[in-house]
Amino acid sequence: MEWIRESVDSIKSIQFRKTLSQAVNLGLILTSALIIWKGLICITGSESPVVVVLSESMEPGFQRGDILFLHMSKDPIRAGEIIVFNVDGHDIPIVHRVIKVHERQDTGEVYILTKGDNNDKDDRVLYAQGQHWLQRHHVMGRAVGFLPYVGWMTIIMTEKPVIKYIIIGALGLLVITSKD
């Protein structure tokens, strides 16, 4: 009987080590993702180096679901560039083209006006109440590259949270039941 009890204790010990190993691996994956994200922030100079286009306002240049790669340099912003900006009071950044840039000679402040390629009018209706121009601190970055349609999974999970929970649950179940 002693032999059976030792065998059961040995199996329990292996299961504990296996579970602990899986937890450590999951922690390493999450930590690596965070390090990569923070590294991209440092390299690009943008608070969000990757964004997903959420609307049709930039068609035909960018489609809904395209992923944009951003970079923020000290170079002056010029008309014709595509920028991503935040507006006070809105949580979601906007991807639009710069149509006018004004620089005050006395202070060096830059005022920017944007418009979506697929929109009829400029973006002043999107800006905060009483705001007619964007300033440099509103700009998150300039679009320097894109991957078409790769961001659709993000859009689907945002619009249908149930799908997000199903995917997270399935991945969690996969990690728990994996034999490795």
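This is a predicted model: local features need pLDDT of at least 70, side-chain atom pairs count only at pLDDT 80 or more; totals for chains, interfaces and linings use all residues.
Colleague: How many helices and strands does the protein chain have?

Modeller: The protein chain has three helices and six strands, where helices (H or I, at least four residues) and strands (E, at least two) are DSSP runs numbered from the N terminus. Along the sequence they follow the pattern α-β-β-β-β-β-β-α-α.

Colleague: And in what order do the strands sit in the sheet?

Modeller: The six strands form an open sheet in the order 1-2-6-3-4-5, with antiparallel pairing; two strands pair if DSSP finds at least two bridges between them. Strand 1 and strand 5 are the edge strands, each pairing on one side only, and the twist averages 50° from one strand to the next, taking axes as lines fitted to C-alpha atoms (for helices over the stretch in contact) and angles from 0 to 180 degrees between N-to-C directions.

Colleague: How many bridges join strand 4 and strand 5?

Modeller: Strand 4 and strand 5 pair in the antiparallel sense over six bridges, and the bridge partner of Lys 100 in strand 5 is Leu 113.

Colleague: Switching to the inside, which residues touch the most other members of the largest nonpolar core?

Modeller: That core has 13 residues, and Ile 77, Ile 83, Phe 85 and Ile 112 touch the most other members. A nonpolar core here is a set of buried Ala, Val, Leu, Ile, Met, Phe, Trp, Tyr and Cys residues joined through side-chain atoms within 4.5 Å, and buried means under 20% relative accessible area, with exposed over 50% and partly exposed in between (1.4 Å probe, protein chains only). Strand 3 (82–85), strand 4 (94–103) and strand 5 (110–115) each supply at least two residues of this core. A second, separate core of ten residues includes Val 51, Leu 68, Leu 70 and Val 95.

Colleague: What is Phe 85 in contact with?

Modeller: Leaving aside its neighbours within four places in sequence, Phe 85 is in contact with several residues, among them Pro 93, Ile 94, Tyr 127, Leu 134 and Met 140, where contact means heavy atoms within 4.5 Å. Phe 85 counts as buried, at 0% relative accessibility.

Colleague: How many aromatic pairs are there?

Modeller: The structure holds two; rings of Phe, Tyr and Trp (its six-membered ring) pair if their centres lie within 6.5 Å, and planes under 30 degrees apart count as stacked, over 60 as edge-to-face and the rest as tilted. The rings of Phe 62 and Phe 146 have their centres 5.1 Å apart and their planes at 80°, so that pair is edge-to-face. Phe 62 lies in the loop between strand 1 (50–52) and strand 2 (67–71), and Phe 146 lies in strand 6 (residues 139–147), 84 residues apart.

Colleague: Is Phe 62 buried or exposed?

Modeller: Phe 62 is buried, with a relative accessible area of 8%, whereas Phe 146 counts as partly exposed at 41%.

Colleague: What about the other pair, Phe 85 and Tyr 127?

Modeller: Phe 85 and Tyr 127 are also edge-to-face, at 6.1 Å centre to centre with 80° between the planes. Phe 85 lies in strand 3 and Tyr 127 in the loop between strand 5 and strand 6, so the pair ties together parts that are 42 residues apart in sequence. Tyr 127 is buried, with a relative accessible area of 5%.

Colleague: Which ring does the charged end of Arg 124 sit over?

Modeller: The charged end of Arg 124 sits over the ring of Trp 133, 4.8 Å from its centre, the criterion being NZ of Lys or CZ of Arg within 6 Å of the ring centre and within 35 degrees of the ring normal.

Colleague: Last topic, the backbone: which peptide bond is cis?

Modeller: The peptide bond from Glu 59 to Pro 60 is cis, with omega near 5°, and Pro 60 lies in the loop between strand 1 and strand 2. Tyr 149, in the loop between strand 6 and helix 2, has a positive phi of about 65° although it is not a glycine.

Methods:
Residues are numbered from 1 along each chain as its sequence is written. Side-chain values use heavy atoms; hydrogens and water are left out.
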